[in-house]
Every structure is written in C-alpha cells, then in structure tokens.
Amino acid sequence: MAHTREILSLQFGTYANYVGAHFWNQQEANFCYGAGDGDDQVAEEHLLHNDILYREGLNSHNRTTYTPRLVSVDLAGTLAHLPLGGELYGNFVQRDEDLLPFGTGEDLKKTLQRAEESGVSSTNQLELQEEPATQLSEYQRDLMKNSVAPDKDYQLAETVASWPDFLYARYHPRSLNVLPGLVRSTVHQTISTYSAGAALWEEATFNEELTDRIRLYIEECDGLQGFHMLFDIDDGFGGLAGKCLEHLNDEYGRASFVVPLHYPRTTSYPQADSRLSHCIRVANTIMSYHNLSEQATMFTPLSTLETIWRNTDLKSRSLSGLQWQADNLYQTSGVLAAFLDTATLGYRLRNTPESLMRFCEGVTPSGRKMTAAGLALPLGVGEGQDLIEFLDQSGDHALLTQLSPGCEPGTSYVVQSVTARGIPLERLKRPREKAGDQMRMAAYGCDSVSQMLQLYYQCCYHGSVTNAASTPLPLKSQLPFPYEIFGASMNSSGFRLPGEAEREPGLRVDSAPAMAAVQNSTQLGEHFDNLHSQTHRIQLAKLLAYNNSSLERDEYETALDQLLEFRDLYADSQYL
C-alpha cells in the first residue's frame with residue numbers, strides 16, 4: 001500500500017472511555033508481531049494492520065513506543081492512577097511513592113520545574129495541590145508488577161470504579177485530557193446539557209490545547225483517511241463532541257464514523273426531577289442528532305438498552321449465550337466494544353481495498369447517515385459444526401441482536417456491512433469425500449466465509465444489499481475482558497456445546513467467534529418517530545431555564561424541524 005491510511009480516534013465522556021478502554025485492550029490482544037506468536041497460521045490478508053490505529057514513537061529514554069492514535073476527554077476524578085501527560089494530573093501531582101515513580105520533596109520540585117520548562121504552565125499559573133491518594137485496582141497492581149495471573153478472579157465487574165482500573169493498553173501522554181474544574185459525580189451527570197458541553201469548546205485554553213494535540217497527531221500521518229469518534233450522548237459531552245466534529249470537518253475534511261453512546265441505566269441531572277431529566281435526555285439527543293446529520297459521514301447509536309428515552313421500564317437487550325448485569329458499566333461497555341472492534345475489521349485488515357469512506361458510503365444510501373448496529377456474540381456455531389450447517393439450520397431465526405436502541409432494520413430492503421470473525425476456513429464446510437447432504441446445498445459452492453454470508457443474506461433478506469467480510473481471528477476474551485458474561489453452554493473457544501452439556505467448572509472462554517453488522521433500511525425512520533413522540537412531554541420553558549444551559553428556543557426548534565426533514569430520507573420513496 002502507498003499509505004498507511006491512518007485513523008485518529010476520539011473519545012468524549014466517561015462511558016465512551018469505558019468502551020474505548022475495552023476496544024484498545026482488544027487491539028493489544030490481537031497484536032501480531034511475527035511468526036510464532038500464535039497467529040502464524042493466519043493468512044497475511046486476514047491480519048490486522050495495526051498502524052491504521054496506532055503510532056510509533058520514542059519516549060524520553062529513547063525507547064520505541066507503540067500507542068493508540070487517540071484523543072480522550074473526560075472529567076477530573078476518572079483517571080484514577082493514570083497520570084495526565086505522563087507526569088502531571090492537571091495541576092495535581094500523584095504523590096504515592098508506592099504506586100508511581102514521582103516521589104516527594106525534590107522529585108516534586110523537579111516535576112514542577114519540568115512542567116514550567118515544557119510550557120505546560122508558567123510559574124505564576126502553576127499551583128501544586130495535593131490529591132487524595134488513588135487506590136490501584138488489584139488487576140492494575142499486578143499489571144505494574146508484570147504478574148497478572150490469567151486464571152485469577154480479579155472480580156472486575158464488582159470492583160471497577162473507573163475505566164483505568166481495567167485498562168491494559170498504554171496511552172500516549174498526548175491522549176489524555178481532563179476538563180478543567182469539572183469533577184465526576186457518582187450521583188448525576190456533571191455536564192448536563194448539550195449546550196453546556198458546546199460552551200466548553202469555546203474555552204480558549206482548553207480549545208487551543210485540544211486542537212493542537214489533534215493537529216500534532218494528524219501531522220504525523222502519511223495518508224489520514226478519517227476519524228473514529230465515541231461520545232456520551234446523554235449529557236453535555238454530546239455538545240463538546242459536536243463542536244469538535246465541526247472543527248475536524250472545517251480543518252481536515254475527512255470521513256468520520258461517529259458512535260453516540262447511551263448509558264445502560266437511567267441518567268439523572270443536578271437539581272432535576274425525573275420529568276425534567278427526561279426532557280434533558282430527549283433534548284440532548286435531538287441536538288446531537290441534528291449535528292450528526294450535518295457533520296458526520298455516518299453515525300450509529302449504541303446501547304445495551306432496548307429503549308432509552310423513558311425514565312422507567314428500561315429494559316436491557318439480551319444476547320444468546322451471554323449474561324451481564326444490566327447497569328454495569330464495565331460489562332456493558334465490553335459488549336459494545338466487541339461490536340466496534342468486529343464491525344470495523346473490514347477496513348483495518350492488511351491489504352484490504354476497503355477504506356473508512358467506502359465503508360460509510362456503502363451503508364448510507366440517499367443521505368441516510370444514521371445506521372443501526374447488530375451483534376452476534378458468540379456467533380452460536382456448535383462445537384464440531386460447520387458454518388454451512390449453522391446457517392442452514394438457523395431458518396428464520398435472526399442471527400444478530402440489535403444494539404441500537406429503538407432500531408429494528410427488518411429483513412427487507414436492507415443495506416448492510418457484515419463482518420464475521422473466528423470461523424477458520426476448515427469450519428466452512430466438509431471436504432467432498434465427507435460432505436454428504438452438504439453437497440446439495442447451494443452454499444457448498446462458496447469458498448470463503450464472506451461468500452457464504454453474502455449468499456445467506458441474498459436468500460434471506462429480500463431486496464437487500466450486503467457487503468460481507470471475514471477473518472479467522474476470533475474475539476479475544478481473556479482478562480481484562482469481562483469473560484464472566486459467557487454462559488456455561490459455550491466451550492473455551494466460544495463454540496456451543498452439544499445438548500445440555502456445560503463447560504467444565506473453572507474453565508473460561510478465552511476467545512469466541514462473532515459477527516457484527518452496520519445496517520440501514522426505511523424502518524429506521526421509526527427511531528426518529530419515537531424520538532419525536534417524546535418531544536410533546538418536554539417542558540421547554542423549564543428546559544431553557546435549567547441551570548443556565550444557554551440553550552436558545554430558536555436553536556432547539558430549528559434542530560427539531562431539520563431532524564424531521566432528515567427523517568424524511570428514510571421514507572420508502574427514498575430507497576436507493
């Protein structure tokens with residue numbers, strides 16, 4: 001390839017950083033360094049091209065580093081043990097000698113001096129404040145000692161207090177950004193409204209630093225193809241992400257795959273009762289959708305919840321073979337990260353002709369920029385079963401579970417990109433001498449997993465267009481992935497055990513086949529109808545006055561009107 005075709009990733013908000021932590025952990029789990037590392041039997045074209053998402057550099061000791069090309073924004077109090085910028089945690093310095101090598105006394109003075117010399121802050125601006133000691137999670141403590149026990153139960157689902165507690169990947173000092181003066185609350189959303197988040201972008205010092213970090217990453221690229229952006233849509237991070245997306249379009253004009261993330265539980269806001277909280281949540285979604293309909297190349301809402309705008313009766317999705325705590329941020333973010341990692345594989349493999357722009361354009365006909373997410377994890381193929389038999393026996397049973405709340409694309413006139421992983425070629429079909437009844441199936445003529453999936457959807461989805469890709473690399477589910485969500489009916493490789501058999505106690509699922517799809521159809525218009533039906537419950541006067549949100553009536557009404565126009569693109573007459 002002439003260029004690496006780099007992608008810059010951006011994460012705005014606490015839940016976005018939960019999902020991002022799992023996503024980057026998954027990338028590290030799939031690194032292939034050469035023959036003998038476990039993936040030497042996989043063909044070159046099926047391996048990941050890690051340079052698309054990662055950058056190589058040198059640290060202060062002149063050692064080569066390999067870190068995500070990432071800009072992350074979160075609240076103070078979320079970074080736990082992670083030092084901001086390598087040494088500084090905003091204006092706080094980590095002072096626990098047992099945890100980080102900053103020391104006290106002379107070491108602190110040197111830290112302050114280096115900060116001033118590097119231009120982080122002048123002598124008059126920099127203030128040293130003592131932060132309460134941060135407790136390392138047991139997993140992180142073992143990780144720092146290089147003594148993580150793969151079979152040890154770290155109980156991460158019960159003990160994780162923030163995403164750094166389970167982060168295996170290591171970020172570049174340029175990656176981490178903390179919003180000044182805003183501290184995470186365990187009770188409510190710190191930045192309540194879209195408008196409040198958008199206003200943060202206008203803060204000169206923060207804006208300059210963040211845009212400089214973005215620029216420095218992009219200047220390192222040989223052939224930037226675009227951006228991945230994750231953000232929390234239920235609160236003000238939507239406004240901050242929206243303004244950043246406008247900046248990226250104005251300055252760089254590349255493709256953007258944007259993923260608005262809904263928390264897996266009811267969100268609350270300071271000094272807001274349940275009804276006003278509902279108003280804020282709906283208004284935040286409307287404002288973000290309006291921005292995305294104009295600025296994003298494609299956006300795909302993600303949540304483990306079936307519906308999102310009601311204050312009560314929040315029901316979690318369920319995937320066959322998985323069980324998770326419905327409101328657990330660590331577990332639910334792991335599921336969403338599995339979708340993201342799998343769905344984007346098609347344009348991240350080595351030697352692939354696919355690109356981020358082609359991926360987005362292929363599933364957004366007629367300007368329908370909002371798409372839906374589907375996931376099968378584990379895929380459900382039986383132990384010793386071939387893919388051809390699994391697809392034949394699935395009948396009318398849907399292979400995928402929707403992870404876009406309130407979206408059901410249906411099975412007719414669907415445009416979709418489908419990616420399967422973890423099915424080796426020898427599990428596609430039996431050789432001719434052992435094929436038996438498989439020989440009579442039309443799918444027996446397929447020579448790859450992607451071809452077979454293409455044929456399957458051609459037969460099952462009327463009038464639909466499917467682009468299928470595949471890799472034999474499975475989803476890695478070892479620590480720190482929430483392996484405990486896998487049911488006992490799966491073997492350690494993620495294949496379904498026969499009958500009522502159960503996996504041996506104490507044996508974990510180390511990897512699993514999976515399939516993810518990004519889908520579009522006229523039926524997604526119902527998602528906008530459901531959102532619009534909630535607007536009659538909005539107390540606009542209270543919303544405009546809420547907490548000096550700076551939301552203008554004309555701004556809100558314009559966004560709502562234009563969102564209705566965007567919904568018209570999903571009418572039947574607009575198909576292709």
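## Basis

The model is predicted, with local features needing pLDDT of at least 70 and side-chain atom pairs counting only at pLDDT 80 or more, while totals for chains, interfaces and linings use all residues. Residues are numbered from 1 along each chain as its sequence is written, and side-chain values use heavy atoms, leaving out hydrogens and water.

## Strand β9

Strand β9 covers residues 255-261; helices (H or I, at least four residues) and strands (E, at least two) are DSSP runs, numbered from the N terminus. Seven of its seven residues are buried, so β9 is largely enclosed by the rest of the structure. Buried means under 20% relative accessible area, exposed over 50% and partly exposed in between, with a 1.4 Å probe and protein chains only.

In a regular strand the side chains alternate between the two faces of the sheet. In β9, Ala255, Phe257, Val259 and Leu261 point one way, and Ser256, Val258 and Pro260 point the other way.

## Pairing and crossovers

Strand β8 (residues 226-232) runs parallel to β9 and is joined to it by seven bridges; pairing requires at least two DSSP bridges between two strands. Asp232 has Leu261 in β9 as its bridge partner. From β8 the chain passes through helix α7 (residues 237-251) to β9 in a right-handed β-α-β crossover. Right-handed means that, with the strands pointing away from the viewer, the path from the first strand over the helix to the second runs clockwise.

β9 also pairs in the parallel sense with strand β10 (residues 298-299), over two bridges. Phe257 has Met298 in β10 as its bridge partner. Helix α8 (residues 274-295) forms a right-handed β-α-β unit with β9 and β10.

## Helix α1

In helix α1 (residues 14-29), 15 of the 16 residues are buried.
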